[in-house]
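Take a look at the protein and its ligand below. Keep the view open while you read.

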Amino acid sequence: MSETIFSKIINKEIPATIVYETDTVLAFKDINPVAPVHILVIPKKEIKNVNSLTGDDKDILSNMFEAVKIIVEEQGIKESGYRLVINNGKDALQSVEHLHIHIIGGKELKWPPC
Ligand code: AMP
């Protein structure tokens, strides 16, 4: 898999505002936020998107959602609500080919998104 901008963030080659980090997961503020809280949760393992997941990635997925729970509490949006988004592939406008969960919140969001 080719290196993405997120690999560079994982390797600390470019800066990001990191809000959570473990051996397997990293979370940082989106550079172009669409809401008061907009954080990306990514696996440190290079996984292109949901289609690329295998049974070996179960722990990573669990760790990503554990990260979400901790972050929404820290960001104060656990009770007010938030949206989790995974853009997957071309039609979904996935722009970075490294699996990521958007955590979006801090205001009342609109629906539908398209
Ligand atoms: P997606 O369109 O779902 O692939 O989302 C990619 C997200 O990565 C977008 O919301 C971008 O704003 C965000 N992004 C791209 N480069 C950076 C960066 N260097 N630091 C933080 N967020 C970034």
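This report covers the cores, the ligand, one asparagine and the salt bridges. The model is predicted.

**The cores**

The largest nonpolar core holds 17 residues. Val41, Met64, Ile71 and Ile103 have the most contacts inside it. The largest share, six residues, comes from α2.

Look at Met64. Leaving aside residues up to four places away in sequence, Met64 touches Val25, Val41, Ile42, Pro43, Leu99 and Ile101. There is also a second, separate core of eight residues. Its members include Phe6, Ile10, Phe28 and Ile42.

**The ligand**

Around the ligand sit 16 residues. Asp30, Asn87, Ser95, His100 and His102 come nearest. For Asp30, an N or O atom of the side chain is 2.5 Å from a ligand oxygen. For His102, the side-chain N or O atom is at 2.8 Å. Val96 uses a polar backbone atom instead, 3.1 Å from a ligand oxygen. On its own, the ligand has 500 Å² of accessible area, and the protein covers 84% of that.

**A buried asparagine**

Is Asn49 buried or exposed? Asn49 counts as buried, because its relative accessibility is 7%, under the 20% cut-off. This residue is found in the loop between β3 and α2. A polar atom of the Asn49 side chain lies 2.9 Å from the backbone nitrogen of Asn51. The side chains of Asn49 and Gln94 are joined by a polar contact of 3.5 Å. Not counting residues up to four places away in sequence, Asn49 touches Asn88, Gly89, Gln94 and Leu99.

**The salt bridges**

Side chains of opposite charge can pair when their charged atoms come close. This structure holds six salt bridges.

| Partners | Distance |
|---|---|
| Glu3 and Lys8 | 3.6 Å |
| Lys12 and Glu21 | 3.1 Å |
| Asp91 and Lys90 | 3.2 Å |

Salt bridges that share partners also join Lys12, Glu21 and Lys44 into one network.

How open are these partners? Glu3 is partly exposed at 44% relative accessible area, and Lys8 is partly exposed at 30%. Lys12 is partly exposed at 48%, as is Glu21 at 36%. Asp91 counts as exposed at 72%. Lys90 is exposed too, at 70%.

Terms used
Residues numbered from 1 in each chain as written. Predicted model: local features only at pLDDT ≥ 70, side-chain atom pairs only at ≥ 80, totals over all residues. Heavy atoms only, no water. Core = buried A, V, L, I, M, F, W, Y, C linked by side-chain atoms within 4.5 Å. Buried < 20%, exposed > 50% of the residue type's maximum accessible area, 1.4 Å probe, protein only. Helix = DSSP H or I, 4+ residues; strand = E, 2+ residues; numbered from the N terminus. Contact = heavy atoms within 4.5 Å. Near = heavy atom within 4 Å. Polar contact = N/O pair within 3.5 Å; in protein donor to acceptor, adjacent residues only side chain to side chain. Areas by Shrake-Rupley, 256 points an atom, 1.4 Å probe, with all protein chains shown as cover. Salt bridge = Lys/Arg side-chain N within 4 Å of Asp/Glu carboxyl O.
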